Amino acid sequence: MQHSVVCPNIGHSIVHHFGEGAAVWGQAITPSIAHLVQGHRELAIDYAQIRPGIVFETVPSIAMLPHVIDTSTFRIHVDASVFRHTAGRSGAAMEAILRCDAGAECSLKLWGRVVVEDGASLPDQLSRADRSSTLPVLFTVAFWEISRASDARMRSMARVSAEKDGRIQELEMKLALTMCSQ
């Protein structure tokens, strides 16, 4: 679990602690970010669809087996049928967002463009057996950010509330048992 990241600076390096609510961001894939992303077997990916008739729509899917190629590019495997449906035409680059857990109730989001890797062909029609096939694509990072997970606070409040409700029920049962014995 990653609790902080060290960012180079003129003079002393700056350490950002995620628990304090700092939003850390950048435009290049640092070793810390590469390690964090490659540590996940699966990542959530949202493809952005912007074309005539669609103002803005995202299509969620899963990206698998991320591998860093250089300071701005990941090679990932995506669901071929979802990619083909979203891209609309073979080899079309599109905007996408990768998301993964960064630990300590923080999430990492990477914005960038996805394009089919050279040499990989995008099938026009997928047979029934190939619907679960994957396609190697290149994800070029434009921007990344580590921030507090937006729903982490709600989950935390719900967990605390459930714990308090459980304690109240336990005390009510003890009270009922003591009333029965009298």
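**Notebook: strands, core and a few single residues**

I began at the strand S8, where I found Glu95 standing opposite Arg113. Strands in these notes are DSSP runs of E of at least two residues and helices are runs of H or I of at least four residues, both numbered from the N terminus. What I am reading is a predicted model, in which local features need pLDDT of at least 70 and side-chain atom pairs count only at pLDDT 80 or more, while totals for chains, interfaces and linings use all residues. Residues are numbered from 1 along each chain as its sequence is written, and side-chain values use heavy atoms, with hydrogens and water left out.

**Entry: the whole chain**

I looked up the secondary structure next and noted three helices and nine strands, which follow one another along the sequence as β-β-β-α-β-β-β-α-β-β-β-α. Of the 182 residues in the chain, 32% are buried, where buried means under 20% relative accessible area, exposed means over 50%, and partly exposed lies in between, with a 1.4 Å probe and protein chains only. I then asked what share of the contacts with a separation of 6 or more comes from residues 24 or more positions apart, and the share is 61%; a contact here means heavy atoms within 4.5 Å.

Strand S7 covers residues 94-103 and strand S8 covers residues 106-116, and the two run antiparallel, joined by nine bridges. Two strands are said to pair if DSSP finds at least two bridges between them. I noted that Met94 has Val114 in S8 as its bridge partner. Between the strands of this hairpin there are two residues, and Ala104 takes a positive phi near 55° there. S8 also pairs with S9, again in the antiparallel sense, over 11 bridges, and in that pairing Val115 stands opposite Leu138 in S9.

I also picked out Ile97 in strand S7, which counts as partly exposed because its relative accessibility is 25%. Leaving aside neighbours within four places in sequence, Ile97 is in contact with Ala44, Ile45, Asp46, Lys109, Leu110 and Trp111. The C-alpha atoms of Ile97 and Pro60 are separated by 9.5 Å, although the two residues are 37 residues apart along the chain.

**Entry: the nonpolar core**

Which residues have the most contacts inside the largest nonpolar core? They are Phe74, Ile76, Phe83, Leu108, Leu110, Phe139 and Ile146, in a core of 35 residues. Helix H1 (31-38), strand S4 (42-51), strand S5 (54-70), strand S6 (73-79), helix H2 (80-87), S7, S8 and strand S9 (134-148) each supply at least two residues of this core, and the largest share, six residues, comes from S9. A core of this kind is a set of buried Ala, Val, Leu, Ile, Met, Phe, Trp, Tyr and Cys residues joined through side-chain atoms within 4.5 Å. In soluble globular proteins, nonpolar side chains tend to be buried together.

**Entry: helix H1**

In H1, Ile33, Ala34, Leu36 and Val37 are buried. They cover an arc of only 165° around the axis, taken from the directions from the helix axis to the C-beta atoms, and therefore lie on the same side of H1. On the other side of H1, Pro31 and His35 are exposed.

Asp70 lies in strand S5 and counts as partly exposed because its relative accessible area is 37%. A polar atom of the Asp70 side chain lies 2.9 Å from the backbone nitrogen of Ser72, and a polar atom of this side chain also lies 2.9 Å from the backbone nitrogen of Thr73.

Thr73 itself is in strand S6 and counts as buried, because its relative accessibility is 10%. Not counting residues up to four places away in sequence, Thr73 touches Ile29, His67, Val68, Leu138, Phe139 and Thr140.

**Entry: cysteines**

How many disulfides does a search of the whole structure find? The search finds zero, a disulfide being a pair of cysteine sulfur atoms within 2.5 Å. Cys106 counts as buried because its relative accessibility is 1%, whereas Cys180, at 68%, counts as exposed.

Technical notes
A polar contact is a pair of N or O atoms within 3.5 Å; within protein, one must be able to donate a hydrogen and the other to accept it, and residues adjacent in sequence count only if both atoms are side-chain atoms.
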